[in-house]
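Colleague: I'm new to this one, so please pick a single part and take me through it slowly. Start where chains meet, then go inside.

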Amino acid sequence: MNFIRFLKGSIRLVLHGTKLYYAWLFFLAILIIWGGFGYANQLQNGLITTNMRDSVSWAFYIGNFTFLVGIAAAAIMLVIPAYIYNWNPIKEIVIFGELLAVCAVIMSVAFIVVDIGNPLRFWHMLPLIGTMNFPYSMLSWDFFFLMAYLLINLIVVIHLLYSVFYKRDYNRKMVLAIVFISIPMAVGIHTVTAFLYNALPARPFWNSALLAPRFLASAFCSGPAILLILFQILRKITNFEIKDEAIWKIAELMVYAMFIYLFFTIAELFKEFYSDTEHILYWKYLLFGIGDNNEIVIYSWSSIIMGFIAFILLLIPKTRKNFVTLNIGAVLIYASVYVEKGIALIIPGFTPDVLGQIYVYTPSMTEIRTAVMIFSLGFLLFTFLVKIAIAIIFEDYNIDVINQKGEEKGQRNRF
Amino acid sequence: MKNQNKKLSVLFLAFFTAMAIFSGCLNDNKIDQINTEMQSIQSDGKYTEIAVEQPPFSIGIFPCSDCHSLIEPNPARRELVEMHDDIDEIFHHDSENRWCLDCHDTNSRDSLKLASGKLLDFKESYKLCGQCHGNKLRDWKVGVHGKRTGNWNGEKEYLLCVHCHDPHAPKFKELMPEPPPVRQEDIH
Amino acid sequence: MKKDNSRRSFLKNISLASFSALALAGCNMKEIDEFLQKNFRVLSEKEKTDIIRSLEEKYKEKYDKEFHVSAKPAMEGVLFGYALDLSKCIGCRKCVYACSEENNQSREPQIQWIQVLQMEKEKGIDFAHSNIHYNPEKVPEEGYFYVPVQCQQCENPPCVKVCPVKATWKEPDGITVVDYNWCIGCRYCMAACPYGARHFNWGEPNVPAEEINTNMHYLGNRPRMKGVVEKCTFCIQRSREGKYPACVEICPVGARKFGNLLDPNSEIRYILENKRVLVLKQELNTQPKFYYFFGV
């Protein structure tokens, strides 16, 4: 009963807002509808509406999935520096990090659902009613890990908000315990996602032990970038107090992550190019194209250039501490990792294909529309959750307010 | 042991039913149809004597004795002009050292002959080929050179050497390939 | 134990009910049955028989022909092996089309289980410089040789390992099969296969009624549906009846050999013992039972 009131309160929050808020919802709704029709077309005619074919049998969808798992993982990892450097509003950082993680996991699973040929048969993957190929299939592991991760994050977020809503003390021990479980889980989900590709000897491009470390490093670039911007927005519109130093610290940590990522990538490139085995083909396709087939080169180099500019901007203290250049850097690194995971990670794994044939893949309109649909839905969910969290945490939206409103309403009805 | 018994019985069965089955009533499906003109050879398991049906003679040319019984044999090697000049033209089978009567018997025109002089029915032409191509003959008998169809665990049908190789110009003839696969870019 | 069972069936009922509700709109009972059908390997004999009967009816309705769908299991003491003579193959692609017809592969959009690679003799087996779209007047072309590739029926199949739902598995006679009714279409197996042997039904498959092969096996050439993966099964509907696969029978140069690896008198064993043999991508330890050899 109490929980239902909590839910009712939350729904009321979501339904009311400023004009800007409604405009944002309207904008997302349009994107969802536009993307939804694209996805409906795919549902009706099959994945033939995408540009995936036998040679490139995974592509943009699975790339988005990978990217979002990275976001989900990195969001939680921010809790560690929050503790180490003793940033004060730890609770708030945890909540917004976890909200982002929840949305990112939901979106990533959505990308799996749109990628499979028979989404209605999804239940075959479940334990007990289906035949989950555990422990052999990395996809089973991944699914299992993601679900567990989603669950524990939901528990923490709901518990925290619920407690504040009812003006109770939250169970600090439990929350801490779960947060500390979720940190290795965060590393876990992204590692398992990397293992999904990593252990396929058929695909030399991914079959490198550095893949999982590179995944994690790149996630630590892109995940904090979102939170960095979100925290600035929150600081402006609420009484959320986070010091400049904390934000700069996040940026500094991102620079370390970028440096590690750069180092891993250079190590990978050195090994591939210096040994010059047949495995170099995939890197060549990614960076230079093979023959006339260079459609993907624009993606890889734009990712590299954006990443490099971001690295410089965040590396130099002066630009790091200037919020304009800092935010440019954050956006650039986010975009860079998105292109890298979305296109540059997956496509060269399949091009040339296992028999040496080249099928040039770029996403079709259906794929883009479906991705827009999922991202818009994800943003919508994130907007709702953040709005609820802001109101409850910073604006003292609690059970008293609800009761008060209920009374007012009751009085109005009486008259 | 058990396996061997099973195999023997299968082979016996195969032997008795072979003629009935392979005299042109193969119409199970398309793949079998292409084998209707194919000759059936039965082995006794040790690949010694092999029963053969009609080899692929050119139409209206066999038996050779129809014409040759009226002609005085001329054993001198020469260029053929009036008859079989078409064969002479394409002949490309160690043509420097050999000609017709190295394989066809001078007197018994409906037979082939081995180097030893032993006469050979056309159905046994593989023995003639095997004189030089011993390795090929061995592989052919076990089904590795050439083609056998039928059952992998039972009766099999052989093609003779000459079904694929023109004995006068044995190089395998070029074929027109079937169309290439549709490019994946064009699958919509 | 009992408790566990009841919980399991409870879970099952709940999920079945919810999924039924989900699928109900505009569906008939048969579609729901098909939707709720279990993995082939856990079906009882009776369930198999029922499913096959209903499939035969369904196909008859669709194609207006009599169908025979077999679920014949593997023979004992049989492990299938295949050998292809690289010195003979001329790249005529007759196998590709015989395979397509025998196994009811979609014509439009085109699916072909055999891919014939043209390679330069100077380079040897080199996938990066191979070509599958060669189209000269006559084959073989001077300076080239041909490597047809289909499912290599690995002893250690990477595709089976990665399947998240156990929809594909290796049968006792060594053939890796797919349960088309259980495959969710995630295509992980396609990423894992080093031979490009797995093919996906990107769109609705289409075989003209007059060309459909009515002699079928449940795990082989029965019609597939949109969104599932399919692959070569050594013509399971033929090989389990003792016949040679269609590609073996059609090959005009006799380059294709097939038999029982456990039978010391089979041609396949003769090849392994007497010829120079290679397997593709040996370093991946997939242990193919599809061998390439040099007959000369």
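Modeller: Where chain C meets chain B, 39 residues of chain C and 26 residues of chain B take part in the contact (two residues are in contact if their C-beta atoms, placed from the backbone, lie within 7 Å). On chain C's side, α4 (94–102), α8 (246–250), β10 (256–260) and α9 (267–274) each bring at least two residues; helices (H or I, at least four residues) and strands (E, at least two) are DSSP runs, numbered from the N terminus. Ala, Val, Leu, Ile, Met, Phe, Trp, Tyr, Cys and Pro count as nonpolar, Asp, Glu, Lys and Arg as charged, and the others, Gly among them, as polar.

Bear in mind that this is a predicted model: local features need pLDDT of at least 70 and side-chain atom pairs count only at pLDDT 80 or more, while totals for chains, interfaces and linings use all residues. Residues are numbered from 1 along each chain as its sequence is written, with chains lettered from A and ligands numbered from 1 in the order in which they are written.

Now for the inside. The largest nonpolar core has 205 residues, and A72(A), L100(A) and M254(A) touch the most other members. Such a core is a set of buried Ala, Val, Leu, Ile, Met, Phe, Trp, Tyr and Cys residues joined through C-beta atoms within 7 Å, and buried means that 20 or more other C-beta atoms lie within 10 Å of a residue's own (exposed is 12 or fewer, partly exposed in between). Helix α5 of chain A, residues 90–115, gives the most to this core, 16 residues. Skipping neighbours within four places in sequence, L100(A) is in contact with I71(A), A75(A), I226(A), L227(A) and F382(A).

I71(A) and A75(A) turn up again where α3(A) meets α8(A), as do I226(A) and L227(A) on the α8(A) side. Helices α3 (residues 60–77) and α8 (residues 211–237) of chain A pack at an angle of about 70°, their axes 7 Å apart; axes are lines fitted to C-alpha atoms, for helices over the stretch in contact, and angles run from 0 to 180 degrees between N-to-C directions. So α3(A) is roughly perpendicular to α8(A), the word used for 65 to 115 degrees. Their contact has 11 nonpolar, 4 polar and no charged residues.

Note on methods:
Angles under 35 degrees count as roughly parallel, over 145 as roughly antiparallel, 65 to 115 as roughly perpendicular and the rest as oblique.
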